[in-house]
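Subject: Structure handover

Hello,

Here is the structure we discussed. Please look through it before reading my notes, which follow below.

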Amino acid sequence: MSKVKVGLVQMSCTADKQQNLQKAIVKVREAAEKGAQIVCLQELFTSLYFCDVEDYDNFKLAEAIPGPSTDELSKVAAELNVVIIASLFEKRAQGVYHNTTAVLDADGSYLGKYRKMHIPDDPGFYEKFYFTPGDLGYKVFKTKYGKLGVLICWDQWYPEAARITALMGADILFYPTAIGWATTQDEATNIEQYNAWQTIQRSHAVANGIHVVSVNRVGEEAGVKFWGGSFFANPFGAIIHQTSHNEEEVVVQELDLDKSDYYRSHWPFLRDRRIDSYQPITKRLLDED
């Protein structure tokens, strides 16, 4: 289908996992009522962003995928005839955990998972303490409403991840996210950081001729103000819609997937790629004699 209605859910979270899940389900229903066929939830939406500290007790938040949350969301997906993109803390085995997004098709079937490949470690974002880097590679999910590429938060900054996912045939690139400002930061720095975050993702849309949907959380948690600002970008990087920095929002936007063919034909970046010259990109640095 050439046109699809995509919903994003931008919300705040609490320490109550079940409460967050039920809140997300209410908002998925709201998106479906507005006509959404695909709904993307933000990164790690069933909890507060626990990676602000290194605390072993937080491993108790993890669950199997498929598991309790995907089971519940699958019922909702089937009932509403919507695809749900759900970012969860995965317990793969004792001592092995991932930052993972599950994709549920419109009939409720579990299509699979993507495990976050790029894992950050910064003050207030101690993800390397919790998450094993993804080992499933980049993924595209064939859903009722199109082929969806899913990456997660820190993956946003890497053009290689977007490129590979696009080359696998994704119609839309989704980024469930949890990113914010330190509450002690000045406004100029806040603006600079948000603009960089949005610009890099818009550039993925341009370079690959693909729609990008980025879904962030809002609310203040442990000295971080999550900046919201979720958005839809068309295949030439234009912002179709952007949410506020402070409010919970459920937004549904119709995307015309035929736009990819138009932009890729008129600005044929994929045609003109010199794949014979890119081998050096597999090196960490090109500093060897």
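Is T100 buried or exposed? T100 is buried, with a relative accessible area of 0%; buried means under 20% relative accessible area, exposed over 50%, and partly exposed in between, with a 1.4 Å probe and protein chains only.

Before the rest, the ground rules. This is a predicted model, in which local features need pLDDT of at least 70 and side-chain atom pairs count only at pLDDT 80 or more, while totals for chains, interfaces and linings use all residues. Residues are numbered from 1 along each chain as its sequence is written, and side-chain values use heavy atoms, with hydrogens and water left out.

**T100 and its surroundings**

T100 lies in strand β4, residues 96-104. Strands (E, at least two residues) and helices (H or I, at least four residues) are DSSP runs, numbered from the N terminus. The side chain of T100 makes a polar contact with the side chain of E90, at 2.7 Å. A polar contact is a pair of N or O atoms within 3.5 Å; within protein, one must be able to donate a hydrogen and the other to accept it, and residues adjacent in sequence count only if both atoms are side-chain atoms. Setting aside neighbours within four places in sequence, residues in contact with T100 (heavy atoms within 4.5 Å) include I65, A86, L88, E90, Y114 and I152.

**The sheet around β4**

Strand β4 belongs to an open sheet of six strands with mixed pairing, in the order β5-β4-β3-β2-β1-β15. Two strands pair if DSSP finds at least two bridges between them. The edges are β5 (110-115) and β15 (249-256); each has a single partner strand, so one side of each is left without a neighbour in the sheet. On average, neighbouring strands of this sheet are turned by 30 degrees against each other, direction ignored. Strand β3 (residues 83-93) pairs with β4 in the antiparallel sense over nine bridges, and A86 has A102 in β4 as its bridge partner. Helix α2 (residues 68-80) lies across β3 and β4 and runs at about 165 degrees to β3. For such angles, axes are lines fitted to C-alpha atoms, for helices over the stretch in contact, and the angles run from 0 to 180 degrees between N-to-C directions.

**Cores and strand β8**

The largest nonpolar core has 43 residues, and V4, V6, I38, I172, F174, V213 and L255 have the most contacts inside it. A nonpolar core is a set of buried Ala, Val, Leu, Ile, Met, Phe, Trp, Tyr and Cys residues joined through side-chain atoms within 4.5 Å. Strand β8 (residues 172-176) gives the most to this core, with four residues. Five of the five residues of β8 are buried: I172, F174 and P176 point one way, L173 and Y175 the other. Strand β7 (residues 146-150) pairs with β8 in the parallel sense over three bridges, and the bridge partner of G149 is L173. Beyond residues up to four places away in sequence, V6 touches I38, I172, F174 and V213, among others. A second, separate core of 23 residues includes C13, I25, L73 and L88.

N216 is found in the loop between β10 (211-215) and β11. N216 is buried, with a relative accessible area of 0%, and its side chain reaches the backbone nitrogen of I179 at 3.0 Å.

**Cysteines**

How many disulfides does the structure hold? The count is zero, a disulfide being a pair of cysteine sulfur atoms within 2.5 Å. For C40, the nearest cysteine sulfur is that of C153, 12 Å away. The sulfur of C51 has its closest cysteine sulfur in C153 at 9.7 Å, too far for a bond. C40 is buried at 0% relative accessible area, and C51 is likewise buried at 0%.

Regards
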